[in-house]
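Trainee: Could we walk through this model together? I would like to learn how to read each feature as we meet it.

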Amino acid sequence: MSVPALELNGLKKNFGKAEIIRGIDLSIGKAERHAIIGPNGAGKSTLFNLITARFPPSAGTVKLHGEDLTGLQPFEINRRGLSRSFQITNIFPKMTVFENVRCALLWAQGYKYSFWNFVNRSRKLTEGTEAILEQINLANRRDLPAGTLSYAEQRALEIGITIAGGANVIMLDEPTAGMSHSETDYITDLILKVTEGKTLIMVEHDMGVVFGLADRISVLVYGEIIATGAPEAVRADPKVQEAYLGAALEAEH
Ligand SMILES: Nc1ncnc2c1ncn2[C@@H]1O[C@H](COP(=O)(O)OP(=O)(O)OP(=O)(O)O)[C@@H](O)[C@H]1O
């Protein structure tokens, strides 16, 4: 069997006496699209923060392509091919769309705040930026300040920033939160396109998006995964219906 893209073993997180993540084992394959769903407060964001080393775990390990990430800094994990977005919009509103993506590419390539003269001359960087703008359908918006884009376009830009470094494991935290139906469909198609051949790990509350995108789903309830499997198997699981999905699907209608 090939090495999983991401592997969690016995992962736990306590805040003080509160056990928030209570022993998670999960293996996510290469090029798999995996959704993590569950009620508010179940620990989904905390789990994301553990995987990306924003929080140190209280116990357990996270492995990326078989390599234990214990003790690494978030940027070191990023360099190993894992990139995440945040629930909050994370763009520079006064910079143009083009500059936002170029900046993300620069970071990915290890540049910091200097070298602007060099940057202007760097054809490779410009071409890389243009390729990402095409992928996220924002080529015709390239010279606008990012803050003037529509909400859905800003989220698309954020996805562009997340994929800019060429990571092969992409983590998206509620990518369609706050969107209309048409915006949600638009972003779902975009995610399918830009994660082709990559591993996607996504927290999402919109069940239409989850069932449209995910190869497998894990259901997190009170810090534990109560079910993992293909969408239809998870949907039919009585434990999942009782703990979450019954209410979540009803809320959609
Ligand atoms: N830094 C922290 N210190 C203490 N408690 C925290 C901290 N971060 C999260 N928690 C608690 O951990 C629990 C899980 O929170 P988390 O944000 O991970 O849930 P979630 O599943 O992402 O929720 P939502 O769907 O609402 O975003 C909550 O009870 C929260 O109050």
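Mentor: Helix α1 (residues 44-51) gives the most to the shell around the ligand, with three residues. Helices here are DSSP runs of H or I with at least four residues, strands are E runs of at least two, and both are numbered from the N terminus. Keep in mind that this is a predicted model, where local features need pLDDT of at least 70, side-chain atom pairs count only at pLDDT 80 or more, and totals for chains, interfaces and linings use all residues. Residues are numbered from 1 along each chain as its sequence is written.

Trainee: Which residues surround the ligand?

Mentor: A residue is near a molecule if its C-beta atom, placed from the backbone, lies within 6 Å of it. Here the ligand is surrounded by F15, I20, G38, N40, G41, A42, G43, K44, S45 and T46. By class, that shell has three nonpolar, six polar and one charged residues. Ala, Val, Leu, Ile, Met, Phe, Trp, Tyr, Cys and Pro count as nonpolar, Asp, Glu, Lys and Arg as charged, and the others, Gly among them, as polar.

Trainee: In what order do the four strands of the open sheet stand?

Mentor: Two strands pair if DSSP finds at least two bridges between them. The order is β2-β1-β4-β5, with antiparallel pairing. β2 and β5 (67-68) stand at the edges, each with a single partner strand, so one side of each is left without a neighbour in the sheet.

Trainee: How many bridges join β1 to β4?

Mentor: Five bridges link β1 to β4 (residues 59-64), and the two run antiparallel. In this pair, E7 stands opposite K63, and K12 has A59 as its bridge partner. On the β2 side, β1 (residues 6-15) pairs with β2 (residues 18-28) in the antiparallel sense over eight bridges, and L6 stands opposite I28. The hairpin of β1 and β2 has two residues between the strands, and G16 takes a positive phi near 60 degrees there.

Trainee: What does α1 lie across?

Mentor: α1 lies across β1, β2 and β4, running at about 65 degrees to β2. Axes are lines fitted to C-alpha atoms, for helices over the stretch in contact, and angles run from 0 to 180 degrees between N-to-C directions. Contact means that the C-beta atoms of two residues, placed from the backbone, lie within 7 Å.

Trainee: Is A53 buried or exposed?

Mentor: A residue is buried if 20 or more other C-beta atoms, placed from the backbone, lie within 10 Å of its own, exposed if 12 or fewer, and partly exposed in between. A53 is buried, because it has 20 such atoms within 10 Å. Y222 counts as partly exposed, with 15 C-beta neighbours inside 10 Å. Buried residues make up 39% of the 253 residues in the protein.
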